[in-house]
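Colleague: I have a model open here and I would like to talk it through slowly. Could you bring it up so that we both see it?

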Protein chains: 2
Amino acid sequence: MDDASPLLRQMLDIGQRARAASRALADASSATRNAALTAIAQELRAASDSILSANAQDVARAGEAGLDHAFIDRLTLNATRLDAIVSGVEIIAALPDPVGATTEEWTRPNGLRIARVRTPIGVIGMIFESRPNVAADAGALALRAGNAIILRGGSDSAASSAAIVAALRKALASAGLPEDAIQVVPSADRAAVGHMLAGLGGAIDIIIPRGGKSLVARVQSEAHVPVFAHLEGVCHTYIHADAGAAKAVAITVNAKLRRVSVCGATETLLIDRAVAPSLLPSIAEALTAEGCALRGDAEARAIMPMADATEDDWRTEYLAPILSVRVVDGIDAAIAHIAHYGSQHTECIVTENASAADTFLRRVDSAIVLHNASTQFADGGEFGFGGEIGIATGRLHARGPVGAEQLTTFKYVVRGDGQVRP
Amino acid sequence: MDDASPLLRQMLDIGQRARAASRALADASSATRNAALTAIAQELRAASDSILSANAQDVARAGEAGLDHAFIDRLTLNATRLDAIVSGVEIIAALPDPVGATTEEWTRPNGLRIARVRTPIGVIGMIFESRPNVAADAGALALRAGNAIILRGGSDSAASSAAIVAALRKALASAGLPEDAIQVVPSADRAAVGHMLAGLGGAIDIIIPRGGKSLVARVQSEAHVPVFAHLEGVCHTYIHADAGAAKAVAITVNAKLRRVSVCGATETLLIDRAVAPSLLPSIAEALTAEGCALRGDAEARAIMPMADATEDDWRTEYLAPILSVRVVDGIDAAIAHIAHYGSQHTECIVTENASAADTFLRRVDSAIVLHNASTQFADGGEFGFGGEIGIATGRLHARGPVGAEQLTTFKYVVRGDGQVRP
């Protein structure tokens with residue numbers, strides 16, 4: 001370690017302090033963790049002036065740097081947005097403590113009583129871009145599940161994140177917990193991210209990236225520790241032959257247009273050949289009336305005028321008011337399209353046919369499958385998780401919205417009275 | 001792909017066939033998967049002559065190559081051992097099908113009904129050494145959970161594994177399932193393992209190594225896909241001040257000596273200073289009477305004659321009739337020793353004090369923690385899992401014994417009646 005760079009030495013020190021803090025958090029009582037969460041909301045309120053003034057500095061720098069309007073909007077905090085952040089923390093503080101909960105329990109013929117008990121994962125590494133609210137949300141969710149967290153935000157939001165984390169650390173200290181349970185990486189050097197992806201000498205148990213596709217792709221390809229993430233959400237809404245017309249229109253419009261920039265927004269509409277002539281016109285008109293551009297295959301274009309969809313369109317997460325439209329020959333073709341082009345994120349079937357719904361829900365291999373409900377429900381808050389640190393499309397441990405429970409692992413607790421193994 | 005090596009092309013083809021087979025398995029009915037599992041037991045019985053004769057070839061080659069007795073013993077099959085393999089498959093066939101089971105269900109205020117439903121992980125890559133039973137156990141457990149599996153055994157057991165897998169594939173075909181759900185890598189080239197660790201172009205979801213520490217260490221350091229494994233089991237038995245004397249002796253002797261070569265064998269005995277003078281002599285005598293060598297710290301040696309334990313001993317998984325012994329100053333010191341030197345595998349406290357037991361079970365951060373029961377219960381069969389494909393000490397998804405349920409993931413199934421998101 002003597003020949004490690006100063007940055008690496010600094011990062012390893014952050015990791016060791018996080019590991020030590022995570023042990024203290026795991027050993028702390030539920031009451032102590034609750035007190036710290038309540039204190040976080042109070043300290044964020046008390047620090048609102050300093051957070052908003054730090055944020056104003058970030059916003060001013062972003063303006064000088066000529067960053068675009070959407071970026072600056074994501075970066076900007078105001079009293080209303082800060083209130084929403086504090087409310088989010090209060091919701092997380094009110095969640096039941098997942099740590100120590102017994103999720104299964106059984107007794108063996110030899111009398112051994114085995115319980116599966118939730119425990120914190122340990123240390124979370126969070127890599128995010130410009131939204132300063134991530135520091136508060138992620139810090140509170142990590143603490144709810146008894147984990148320490150190392151935050152590495154974009155340099156554009158550095159002052160905002162630092163001000164928020166200062167309030168979080170003050171809250172930890174006020175509850176008698178180690179401040180190092182929530183740390184922010186002080187260096188703007190991109191190599192710091194590389195060190196986190198290498199795991200800081202075993203100090204990081206899980207990496208969670210929040211940001212654009214290029215950030216997530218880098219994390220997924222370079223990380224030597226497990227990652228909870230989704231690279232993209234190429235979500236589908238499938239209008240089955242037995243769909244109700246009003247639901248088909250309402251769900252498609254909401255799934256595509258409620259917010260076009262979220263990962264649960266529908267990007268491709270699949271519609272059964274049997275009902276395309278009768279239903280597609282009203283769906284298409286409702287979408288175009290709200291400013292959505294359509295790109296269809298030949299059959300869709302024969303029914304309604306729209307642009308030509310290329311092979312690329314079926315794989316594209318637009319995150320914009322654009323929808324690709326394909327006419328399919330029944331449920332098998334719809335499921336095959338989703339298996340071939342989808343991202344295993346969130347897919348919906350609209351139908352009044354219960355058997356078709358069951359087939360779709362069973363066979364589509366995505367983190368979230370819905371029947372007669374908008375794909376925009378892909379969200380930890382909407383699932384009742386009280387918040388989310390991200391959405392995962394991987395197959396292990398966490399899938400879909402990642403809330404406090406998903407930030408725990410478990411151990412088996414075995415109680416005997418002297419049993420030995422034959 | 002045109003410039004890929006012939007081996008890589010072959011491995012990628014194996015991966016693609018496994019992925020396609022895994023989809024067929026996931027879509028198949030529970031009755032079909034059950035039929036295949038029952039057929040596996042039948043086909044293994046029917047093929048017993050050819051399996052034993054293939055095994056005799058492997059054993060003869062190992063003898064010619066001068067491999068040691070323990071190795072040849074692990075490699076050797078006979079009628080009794082083959083019977084045990086078939087019985088193991090029958091137990092797995094009788095397990096409830098985990099696929100499709102709903103593990104949680106709730107309704108949101110807006111009427112959405114959300115269920116968490118078990119689904120297969122997908123494709124398992126299994127890398128093992130000489131024990132030919134692994135092919136049958138792992139193939140059956142993977143199938144029980146609806147997964148395809150790619151088996152890569154040691155070249156020493158190649159003929160045995162090939163004969164076993166031939167029977168397994170025949171059983172799959174007889175149930176109308178794709179034979180490629182269970183494949184064996186035909187190449188003895190070690191580069192094949194490297195290709196599996198790289199994930200075969202995304203075709204492998206999880207790698208499970210079974211074998212010695214060097215195999216597991218290579219897999220853990222080189223894998224680009226998640227791994228379920230334990231590098232070693234440095235397990236502890238802790239004799240608390242309020243331990244019952246008879247239980248302390250019986251549990252320690254069983255935990256150390258029942259089988260010294262298993263990962264759940266105790267390697268270090270921790271004993272409270274308050275009871276070391278009274279209890280250590282009888283424990284030590286019972287162990288040495290059965291041929292166990294002791295290595296103690298100064299305090300232990302002052303009570304009973306034994307060899308000197310070095311710092312290395314506290315970190316060593318002996319897998320042999322050797323036990324390190326340390327006198328500790330109470331439960332905090334015992335927990336601190338385990339946190340510092342342990343491998344987060346399996347630890348036991350022997351005590352009649354319920355509050356001390358609770359403290360130990362809560363604070364020790366291992367996959368399995370036991371009160372008044374032998375560490376040798378660290379086993380999927382003993383947990384009631386009907387078998388295990390391995391034991392995991394990682395923190396995500398699976399910890400402790402990995403059985404059929406642990407080889408599933410889940411999806412969220414959301415049922416609505418037209419809900420859109422405000």
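Colleague: What should I know before reading any numbers?

Modeller: This is a predicted model, in which local features need pLDDT of at least 70 and side-chain atom pairs count only at pLDDT 80 or more, while totals for chains, interfaces and linings use all residues. Residues are numbered from 1 along each chain as its sequence is written, and chains are lettered from A and ligands numbered from 1 in the order in which they are written.

Colleague: OK, how is chain A divided?

Modeller: Chain A has domain 1 (6–228 + 402–413) and domain 2 (235–380), with bounds that come from an automatic or database domain assignment. Taken over C-alpha atoms, the centres of these two domains of chain A are 35 Å apart.

Colleague: And what order do the strands of the open sheet in chain A have?

Modeller: The 4 strands of that open sheet follow the order S5-S4-S3-S6 in chain A, and their pairing is parallel. Strands here are DSSP runs of E with at least two residues, helices are runs of H or I with at least four, and both are numbered from the N terminus; two strands pair if DSSP finds at least two bridges between them.

Colleague: Which strands stand at the edges?

Modeller: Those are S5 (182–184) and S6 (206–210) of chain A, and each has a single partner strand, so one side of each is left without a neighbour in the sheet. On average, neighbouring strands of this sheet are turned by 20 degrees against each other, direction ignored.

Colleague: How many bridges join S4 to S5 in chain A?

Modeller: There are 3 bridges between S4 (residues 148–152) and S5 of chain A, and one bridge pairs A:Ile150 with A:Gln183 in S5(A).

Colleague: Which helix packs on that sheet?

Modeller: Helix H1 (residues 6–27) of chain A does, touching S3 (123–128), S4 and S5 of chain A, and its direction makes about 145 degrees with that of S4(A). Contact means that two C-beta atoms, placed from the backbone, lie within 7 Å, and angles run from 0 to 180 degrees between N-to-C directions of axes, which are lines fitted to C-alpha atoms, for helices over the stretch in contact. Helix H7 (residues 158–174) of chain A lies across S4 and S5 of chain A, running at about 155 degrees to S5(A).

Colleague: Changing topic, what rotation superposes chain A on chain B?

Modeller: A rotation of 180 degrees with 0.0 Å of shift along its axis does so, with an RMSD of 0.0 Å, and that is the relation of a two-fold axis. In chain A, the C-alpha nearest the axis belongs to A:His397, at 2.0 Å. The superposition is by least squares on C-alpha atoms of residues with pLDDT of at least 70 in both copies.

Colleague: How many residues does each chain bring to the contact?

Modeller: Chain A brings 52 residues and chain B brings 52 residues. On the side of chain A that touches chain B, S16(A) gives the most, with 11 residues. Of the interface residues of chain A, 100% are also interface residues in chain B, so the copies meet through the same surface.

Colleague: Last one: is B:Val225 buried or partly exposed?

Modeller: B:Val225 has 18 C-beta neighbours inside 10 Å and therefore counts as partly exposed, where buried means 20 or more other C-beta atoms within 10 Å, exposed means 12 or fewer, and partly exposed is in between, with C-beta atoms placed from the backbone. B:Val225 lies in the loop between helix H9 (213–222) and strand S7 (235–239) of chain B.
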